[in-house]
Every structure is written in structure tokens, then in C-alpha cells.
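Here are my notes for someone opening this one for the first time. Keep the viewer open and follow along point by point.

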Amino acid sequence: MLGFMDYVQHAFYERSHWDHDNSYGTLTTTAQALLDFETPRGLRLNVSSLSAPNFATSYTLGSVGVVDGSLSFLYSSLALNTPSKSSEINLHHVIRGYRQLRELRRPDEPWWWEQWQGGKRTDRKDTLLYGRLFLPNSTLEALYLRRLTPTRQLRISCVSDSTLNNGGTILALLQNDYGKYSTEYLYSTDSALLGVRGLYNFGPDPRTSPSVSASTVTSEGSVLVEPQYGRFSAGAELYYGALNKSGGVSTAIRFATLPQHTGFPYTMTLTLNPLMGNLSSTFAVKAGPQLSLCSRFDFNVYSYESDLQLGLELWRLRSTSLETAWAEKLLREGWKRRKARADEDVIGILKARVDQNWKIGLLWEGRIKELLFSAGAGFDLKRRDKVLGAVGVEVQYSS
């Protein structure tokens with residue numbers, strides 16, 4: 001489950017019209033959400049608050065052998081009028097699961113962001129500041145996020161820890177999103193790492209109007225745009241460490257259905273790292289309104305080692321009582337029923353995964369009145385001495 005601060009950061013992306021999914025780094029997000037979920041360890045309590053539309057705080061207290069915790073603060077120049085109470089937050093926004101891609105959005109025009117007063121420009125670039133202090137280790141994390149233009153943003157993240165080389169590290173990431181394609185340029189002080197990423201989406205360009213060749217012309221002369229049922233994307237990344245004089249490269253492709261697709265939504269990805277010889281393929285499908293399935297197969301062409309993982313997520317809905325069903329049948333035709341919230345009938349979600357070595361992970365996430373919770377456990381069926389692995393519960397409350 002996403003932490004409250006991650007939830008607020010995604011709200012900043014939505015408020016500033018930034019497509020977080022149109023990036024090479026998020027190409028395999030769906031498979032990672034269904035297979036790479038983390039199970040809590042020990043007992044952890046998180047109390048958060050969006051005290052003002054521009055300011056949020058969060059406090060975490062955990063017990064894993066020793067008592068630890070963290071203090072977090074976030075500031076946004078944009079007013080984030082998003083639900084902050086635990087009882088009002090949409091569970092689909094805080095639980096990582098199958099995510100269906102949306103249509104590519106046309107980037108805002110630069111002049112849309114201009115604000116003039118008295119003949120002078122008064123608009124400012126949107127900024128997000130985030131800091132987190134871990135106790136008792138005194139490790140500090142910081143994030144600086146600034147929207148430079150409608151198609152560009154700068155992201156600088158820092159970590160200060162005495163156990164790291166030079167006492168910490170800084171990662172700068174310049175992201176460009178033009179809808180049709182996106183690029184990223186990164187630099188890290190760790191090994192003086194330089195990198196570049198790119199993602200290209202095949203199909204219509206959202207920045208231009210649909211062409212007549214890709215549309216249907218009716219007898220009256222009007223143009224009807226043919227709906228897009230899926231999107232094929234391809235990308236690559238290249239990085240090089242100046243200090244250790246080593247580099248790497250990877251490439252990946254993805255095909256995912258769009259909301260116009262009438263069948264089961266599904267996502268397929270293929271990732272290749274030619275230097276290491278790693279090949280990874282994933283397939284995820286939303287087999288029903290509450291059920292999603294995913295598989296991942298990894299293979300190394302040099303060592304012939306392989307790995308297979310299977311996972312699922314099952315949303316549990318609140319069952320309709322007999323009295324409620326009987327009352328709905330008595331409603332007259334034409335009467336409008338109250339529209340239910342997207343997650344109003346959701347009780348929780350069950351996630352499970354298993355690999356070829358019979359390592360099993362289980363996670364149950366949901367809401368109990370005013371609290372959000374995550375409870376999970378890991379099992380290793382091949383270890384008779386210690387079958388049960390990590391077990392934990394995490395509780396979140398926000399206001």
C-alpha cells in the first residue's frame with residue numbers, strides 16, 4: 001500500500017497534468033505491483049495529516065527488533081484538494097494493483113500557464129518539496145520536484161547517511177513528456193553515473209489532430225476518429241559510470257489494451273539486457289471485475305538459469321444484504337439511485353505470489369472504519385526448519 005506521502009505526490013502529478021505512466025521507468029509497473037509487493041515486517045503505525053492544501057506531515061513508528069520511526073514533511077505550491085481522510089481515500093489510489101493505461105493526453109500549451117497582472121507575468125513554476133528523517137539512525141531523505149514547462153520537470157532526490165560513500169548521494173533527473181514520446185536524463189553522484197532513457201508510443205500523436213487517413217469520413221463529410229483499442233510502446237536506457245568505468249544498456253517493449261477495448265484488459269512486456277544476457281517477459285490480465293492474474297518468466301542466455309513467478313490479486317466487495325436487495329426491487333422505474341463511490345463497496349484486496357522455489361507471499365490490504373491496514377506473511381515451503389518468514393501488520397491513519 002502506498003504511503004500517505006506517495007499518495008500526495010501522485011496527487012501533485014494529477015494536479016499539474018503530468019503523466020506518470022508515460023515513462024521507460026514505469027514500463028513494467030503492472031507486473032511489479034502484482035508480483036513484487038512487500039509484506040510488512042513487525043508492527044508499524046503511520047499517522048498523517050494534510051493540515052492545509054499545501055502542507056502535509058506524516059509520523060511513523062515501527063517495531064522490528066528495535067523501535068524505530070520517521071518524520072516526514074511535504075510542501076506543494078499547488079493546492080492539493082484531494083481527499084485526505086482514511087475513510088474517504090479511494091483504495092484504488094493507494095493500493096498498487098493492475099492499472100489500465102489511459103489515452104495519451106495532449107500536453108498543455110505554454111501560454112496556458114501564463115498569468116498576467118498589470119502587464120507583468122505573475123505565474124510561478126509549480127514546486128514540491130519533501131523531507132523525511134529516519135530515527136534513530138538519523139538518515140535523511142529529501143526530494144525537490146519542479147515543473148519547468150508543460151512538457152518538462154526536474155526531480156532531485158538526496159540521501160544523507162554515514163554508511164554510504166561520501167556520506168550520501170544525489171540523483172538528478174530531467175524528464176520530458178511530449179505525449180508521443182518521452183525522454184529522461186539522469187546524473188548520480190554515486191560513481192558519477194550518467195544515463196539517458198527514452199520511450200516511444202506507436203499510433204496517433206496526441207499533439208496533432210487526427211488525420212483523414214486514420215479516420216472514417218461519413219457521407220455527410222464529417223470525420224469520425226477510429227478508437228484506439230491498444231497501445232504498443234518501445235523504449236531503451238543507456239547509462240555509464242565515469243568512476244568505475246562500467247556501463248549498461250537495456251531495452252523493452254510493451255503492449256497494453258486501452259479503455260475502449262471490449263475484452264479482458266491485459267498488458268504484455270518484454271525486457272532485454274544484452275550485456276548481462278537477462279531476458280524477462282510478463283503477462284498480466286484483468287480476468288474479471290475483481291480478479292487479476294500475472295506471470296513473469298526470467299531467463300539468462302549465458303547461464304541458462306530461469307525463474308518463474310505467478311501472482312494474483314482479488315478484490316473483495318461488500319455483499320448486498322437481503323433487505324437492501326428487496327428494497328431496491330420496490331423502487332419505481334425512472335427513480336435515480338444514489339451513485340456509489342468507486343470503492344464504496346470494497347472491503348479489501350488479497351494479493352498472492354509463488355515462484356518455482358515454492359516461496360509464497362500473501363498480503364491483505366483494506367480499510368476498517370477510519371484505518372487503512374496491510375497484513376502479510378512470507379512462506380518458504382522448502383525450508384522445513386523455518387517455513388514461516390516475515391510477518392507484519394501496518395496501520396495508517398490520516399486526517
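1. Start with Phe-283, which is partly exposed at a relative accessible area of 35%. Keep in mind that this is a predicted model. A search of the whole structure turns up nine aromatic pairs. In one of them, Phe-255 and Tyr-266 sit 6.0 Å apart centre to centre with 40° between their planes, a tilted arrangement. That pair links distant parts of the chain, with Phe-255 in strand E15 (residues 246–257) and Tyr-266 in strand E16 (residues 266–273), 11 residues apart. Tyr-266 is partly exposed, at 23% relative accessible area. The ring of Tyr-266 also pairs with that of Phe-283: the centres are 6.1 Å apart and the planes at 35°, so this pair is tilted. Because Tyr-266 lies in strand E16 and Phe-283 in strand E17 (residues 278–285), the pair ties together parts 17 residues apart in sequence. As for Phe-255, its relative accessible area is 27%, so it counts as partly exposed.

2. Tyr-200, Phe-202 and Phe-232 are joined into a cluster by ring pairs. Elsewhere, Arg-353 lies over the face of Phe-37, at 4.3 Å from the ring centre.

3. Now step back to the whole chain. Its secondary structure comes to four helices and 23 strands. Of the 399 residues, 35% are buried. If you take contacts between residues at least 6 apart in sequence, 52% of them join residues at least 24 apart. The chain exposes about 23500 Å², and carbon and sulfur atoms supply 58% of that.

4. Where is Ser-49, and is it buried or exposed? Ser-49 is in strand E1 (residues 42–52), and it counts as buried because its relative accessibility is 18%, under the 20% cut-off. Leaving aside residues up to four places away in sequence, Ser-49 touches Phe-4, Phe-55, Ala-56, Thr-57 and Ser-399.

5. Strands E1, E2 (55–64) and E3 (66–76) each supply at least two of the patch residues. Leu-371 is found in strand E22 (residues 371–380) and, at 36% relative accessibility, is partly exposed.

6. Finally, the charges: the structure holds 10 salt bridges. In one of them, Arg-102 and Glu-14 have their closest N and O atoms 3.5 Å apart. This pair links distant parts of the chain, 88 residues apart: Arg-102 is in the loop between helix H3 (91–94) and strand E4 (116–117), Glu-14 in helix H1 (residues 4–15). Another salt bridge, 3.7 Å from N to O, joins Asp-68 and Arg-44; Asp-68 is in strand E3 and Arg-44 in strand E1, 24 residues apart.

7. One more salt bridge to inspect: Glu-237 and Arg-197, with the closest N and O atoms 3.2 Å apart. Glu-237 sits in strand E14 (residues 230–241) and Arg-197 in strand E11 (residues 193–201), 40 residues apart. Glu-237 counts as buried at 19% relative accessibility, whereas Arg-197 is partly exposed at 24%.

Technical notes
Residues numbered from 1 in each chain as written. Predicted model: local features only at pLDDT ≥ 70, side-chain atom pairs only at ≥ 80, totals over all residues. Heavy atoms only, no water. Buried < 20%, exposed > 50% of the residue type's maximum accessible area, 1.4 Å probe, protein only. Contact = heavy atoms within 4.5 Å. Phe/Tyr/Trp six-rings, centres within 6.5 Å; stacked < 30°, edge-to-face > 60°. Lys NZ or Arg CZ within 6 Å of the ring centre and 35° of its normal. Areas by Shrake-Rupley, 256 points an atom, 1.4 Å probe, with all protein chains shown as cover. Salt bridge = Lys/Arg side-chain N within 4 Å of Asp/Glu carboxyl O.
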